[in-house]
Amino acid sequence: MAATGRDSVTVTGLPADRIVLLLGQSGLPFSEVSAHRATLEDVYLELTREAVEFRAAAPAEAAR
C-alpha cells in the first residue's frame with residue numbers, strides 16, 4: 001500500500017472487492033475504489049525502461 005496523494009491510496013496485491021470488504025469492516029470512510037489493469041505496453045515499458053538499444057559513438061571512435 002502506498003499513499004499517492006492527500007486523498008488517495010494505492011493498494012496492490014488484493015482484488016478491489018476484497019479491499020472494499022476490508023475498508024468496510026475497519027470502518028474507514030472511502031468514496032471510490034477502482035481497479036487498474038496495466039496494458040501490455042505499460043508492462044513492456046516498465047520492464048525495459050533501463051535498457052538502451054542504441055548508443056552513439058564518440059566522434060573520435062566513429063572516424064576510425
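Glu50 and Arg49 form a salt bridge, in which the closest N and O atoms are 3.8 Å apart. Please bear in mind that this is a predicted model, and that the distance is computed from its atoms. The pair counts as a salt bridge because a side-chain nitrogen of Lys or Arg has to lie within 4 Å of a carboxyl oxygen of Asp or Glu. In general terms, side chains of opposite charge can pair when their charged atoms come close.

A search of the whole structure finds 2 salt bridges.

How exposed are the members of this network? Arg49 and Glu50 are both exposed. For Arg49 the relative accessibility is 56%, so the residue falls in the exposed class, for which the value must be over 50%. Glu46 counts as partly exposed because its relative accessibility is 47%.

Let me now step back to the chain as a whole. The protein chain has 64 residues, of which 2% count as buried. It exposes about 6,300 Å², and carbon and sulfur atoms supply 55% of that area. The chain contains 3 helices and 2 strands, and from the N terminus on the order of these elements is β-β-α-α-α.

Which residues make up the nonpolar patch on the surface? They are Val9, Val11, Leu14 and Leu22, and together they have about 280 Å² of accessible area. Val9 belongs to strand β2, which covers residues 8-10. With a relative accessible area of 52%, Val9 is exposed, and therefore passes the threshold of over 30% that patch residues must meet.

The space in the largest pocket amounts to about 840 Å³. Its lining consists of 23 residues, and those nearest the centre are Val9, Val11, Ile19, Glu32 and Val33.

Which element gives the largest share of the lining? That element is α1, with 5 residues. Both β2 and α1, the latter spanning residues 16-26, supply at least two lining residues each. By class, the lining comprises 14 nonpolar, 6 polar and 3 charged residues.

Thank you for your attention.

Terms used
Residues are numbered from 1 along each chain as its sequence is written. This is a predicted model: local features need pLDDT of at least 70, side-chain atom pairs count only at pLDDT 80 or more; totals for chains, interfaces and linings use all residues. Side-chain values use heavy atoms; hydrogens and water are left out. Patches are made of residues with over 30% relative accessible area and no salt bridge: like charges are joined within 9 Å, nonpolar side chains (Val, Leu, Ile, Met, Phe, Trp, Tyr) within 5 Å. Accessible areas come from the Shrake-Rupley method with a 1.4 Å probe; for residues, only the protein chains shown count as cover. Helices (H or I, at least four residues) and strands (E, at least two) are DSSP runs, numbered from the N terminus. Buried means under 20% relative accessible area, exposed over 50%, partly exposed in between (1.4 Å probe, protein chains only). On a 1 Å grid over the protein atoms alone, a cavity is a set of points where a 1.4 Å probe fits but cannot get out, and a pocket is an open set with protein on both sides within 12 Å along at least five of seven lines; lining residues have an atom within 4 Å of a point. Grid points are joined across faces, edges and corners, and a volume is the space filled by probe spheres set on the points. Ala, Val, Leu, Ile, Met, Phe, Trp, Tyr, Cys and Pro count as nonpolar, Asp, Glu, Lys and Arg as charged, and the others, Gly among them, as polar.
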